[in-house]
Amino acid sequence: TELVKLLEPDCMKLENGRTFWKSVSDHPKVGSNLSLCPSSPHLMSMVSGLSVLVYDLRSTGKPLHQLAHRGGSQAKGWSGASWSKEGGYLLGCQVSGGSASQMECLVWDKDRIGEDSPIISWPPTPTPHSAASFSYYYGASWSPWEEGVFITTARVNHNHMRTNSYHSVVAVDVTSNSVISELSADLSYSTYCIASHPTRHRMVVANTTMPGMLATYQYLST
């Protein structure tokens, strides 16, 4: 049995005096998402401070890879990180901005993860989707039905006007960095808990900010 020892992040303040998220006591969108790679189960990912760490469970003395936050002086933390259905990709849910309003999905290719160079950052610009809106405690999730597709709540700015924005649940294809499915009917909140059936093309969406909403959707074609 190998134990992974994590040191407390040694930098609690950025150069401009801003603090970053350390735990869920700072914000409910802080997440860790311990995740084992399906194709290489000795690889485990997790979040620590402003890094996504990848450990080799056969030698846990130090991280095999340390993936950096791209938020610069505006970095707040991560809402989680997890491996895709077949283990070809690692998703990191990055949060930046003074009010933690800028949320981006970063994806690394497993075969090039040592380069610490994400193959996509979603949403790209320009696009009607101005930001992701991560779920509490885990961020975004991978589709259990298709490799390379992740699911998240997103903020949509109608006619690029923030005052006309709304939220939807989107599925994003990593290979094209584009939305391939979008749900908006009967959705009116900014943060959801999203759960996908492991084999059937069904999804449950629940409001996590106040009581009163639970919806089930079924994809008629995939």
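This is a predicted model: local features need pLDDT of at least 70, side-chain atom pairs count only at pLDDT 80 or more; totals for chains, interfaces and linings use all residues.
**Entry 1: the backbone**

I found a cis bond joining Trp 122 and Pro 123, with omega about 5 degrees. I then placed Pro 123: it lies in the loop between strand E8 (120–122) and strand E9 (129–133).

Next I checked phi. Most residues other than glycine have a negative phi. Asp 116 has a positive one, near 50 degrees. I located Asp 116 in the loop between strand E7 (102–109) and E8. Asn 177 also has a positive phi, near 55 degrees. Its loop runs between strand E12 (165–173) and strand E13 (178–183).

Are these two buried or exposed? Asp 116 has a relative accessible area of 18%, so I count it as buried, the cut-off being under 20%. Asn 177 is likewise buried, with a relative accessible area of 18%.

**Entry 2: the cores**

I turned to the largest nonpolar core, which has 19 residues. Leu 91, Val 107, Trp 122, Phe 134 and Phe 150 touch the most other members. Strand E6 (89–96), E7, E8, strand E11 (149–157) and E12 each give two or more residues to this core. E6 gives the most, with four.

I listed the contacts of Phe 150, leaving aside neighbours within four places in sequence. Among them are Leu 91, Val 107 and Trp 122. Cys 105, Ile 120 and Val 170 are also on the list, as are Ser 141, Trp 142 and Ser 143.

Another core, of 15 residues, lies apart from the largest one. Its members include Leu 183, Leu 187, Val 205 and Met 213.

Technical notes:
Residues are numbered from 1 along each chain as its sequence is written. Side-chain values use heavy atoms; hydrogens and water are left out. Buried means under 20% relative accessible area, exposed over 50%, partly exposed in between (1.4 Å probe, protein chains only). A nonpolar core is a set of buried Ala, Val, Leu, Ile, Met, Phe, Trp, Tyr and Cys residues joined through side-chain atoms within 4.5 Å. Contact means heavy atoms within 4.5 Å.
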